[in-house]
Amino acid sequence: MRVIVNGEQREIASSRVDALLGELEYEGTHFAIALNYNVLPRSQWLRTRLKSGDEIEIITPRQGG
Amino acid sequence: MVKFYDREFNSRLLIGSALYPSPTIMQAAIRASRADIVTVSVRRESAGGKTGHAFWSLIRELDVAVLPNTAGCRSVREAVTTAKLARELFGTPWIKLEVIADDDTLQPDVVGLVEAASILTRDGFQVFPYCTEDLGVAMRLVDAGCRVVMPWAAPIGSAKGIINRDALKLMRDRLGDITLVVDAGLGAPSHAAEALELGYDAVLLNTAIAKAAEPVAMAKAFRLGVEAGRAAFEAGLMEARDFASPSTPVVGIPFWHAAP
C-alpha cells in the first residue's frame, strides 16, 4: 500500500509500524514517530496497524539553537 | 542559582548545539561555556540513517539538561506535534517553543505562540516560549501558564545585540517573578552582559559562539560576559544621569581662587 514517510510517497509491504521500521532499515532506538500528526508511543509500535494514505513521521535528535 | 520551572542551575548561559565547524568543536565549546542547559532539535531521520544517534551520543557525554526546540514550525499544529515528539524522544517536559511567522525574518508568530503555549501547558509541558520584546505578548504567555519567557534581543542569527533596550527593561520590571531569558540576536559578550545587567536571568546563545573564528574561545568569552553582567546586576548599578559629576574631590584643588 502507499503511505507517506517523512513527506515522501512510499509503496510498503508492512502492515504495522514496527515492521515498517524494519522494512525501511531503520536501526537503533533513538526515534520518535508521529502517525497522522499524533505521537505514537514506542509501546504501541508493535500493535499499530497502518492503512493506505497514512502519514508517518520518523524523527531523531538533531543540532538546534 | 537560576530557576527554570522546578529545577535550579548554576549557569545563566544556555547554549545551542547547531552550526559548529565540527562535532568535536561543538563539545569543546559547550564545555568551555560551562552551560548546564543545551538546546537541540528534532528532525526527520532518513531511512537507515544513524545521524541522530551519533549526535545524541555526543550530547549525552556532556551531562547537561536538554532543551528541545520546535524550530522551523510554521503553525500551532506543527509546533504542538513537534513538542510531543520531542517529549517522547528526550523524556523531558521542557520545550523551547518557536512558532515562526515568516521564513526570511524568523519573526515569531506571537498569536500562534500564545495558542500553542496554552495547549502545551494544559498537556503538562513546561514551555520556554521564544517571543518578541512585546510586553503584552509576554503577559499573555504568562497567563497561558509559562513561568519562563524568552524575548529576542534582535532577529535570530543577526548578532545585533539588544535593539529595544527600553522594552526589555520594561518587561523585566513588570514580570518580576518570571524567569526571563534573552534569546536570539546576541553577537558579543558585551551584549550578553547588558542583558544580565538589566536583570535578565539568563541568555540563550548559539550562532555568536558557533560562527566565531574560534568557537571554544568565544564560548569562554560569553561565559565571562554573563558572569560579569550578573555580578554587576547583583552589585547594583548606579543610575545614568544627564550631567557630569566629578569623581575626584573638589575641595582643595591647587591654584583654586574664589570668583572675584
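**View 1. Polar contacts link chain A and chain B.** Between chain A and chain B, 18 residue pairs are in polar contact, both residues at pLDDT 80 or more. A polar contact is a pair of N or O atoms within 3.5 Å; within protein, one must be able to donate a hydrogen and the other to accept it, and residues adjacent in sequence count only if both atoms are side-chain atoms. This is a predicted model: local features need pLDDT of at least 70, side-chain atom pairs count only at pLDDT 80 or more, and totals for chains, interfaces and linings use all residues. Residues are numbered from 1 along each chain as its sequence is written, chains are lettered from A in the order in which they are written, and side-chain values use heavy atoms, without hydrogens and water.

**View 2. A:Arg62 pairs with B:Glu45.** The two form a salt bridge, with the closest N and O atoms 3.4 Å apart. A salt bridge is a side-chain nitrogen of Lys or Arg within 4 Å of a carboxyl oxygen of Asp or Glu. The count between the chains is two.

**View 3. Chain A meets chain B.** The contact (heavy atoms within 4.5 Å) takes 25 residues from chain A and 32 from chain B. In chain A, A:Tyr37, A:Arg62 and A:Gly65 lose the most area to chain B, together 28% of what that side buries. Buried area is the accessible area (1.4 Å probe) that two parts lose on being put together, summed over both. Chain A and chain B bury about 2,500 Å² between them, 60% of it on carbon and sulfur atoms.

**View 4. B:Trp256 is exposed.** Its relative accessibility is 60%, and exposed means over 50% (1.4 Å probe, protein chains only).

Terms used. Buried < 20%, exposed > 50% of the residue type's maximum accessible area, 1.4 Å probe, protein only.
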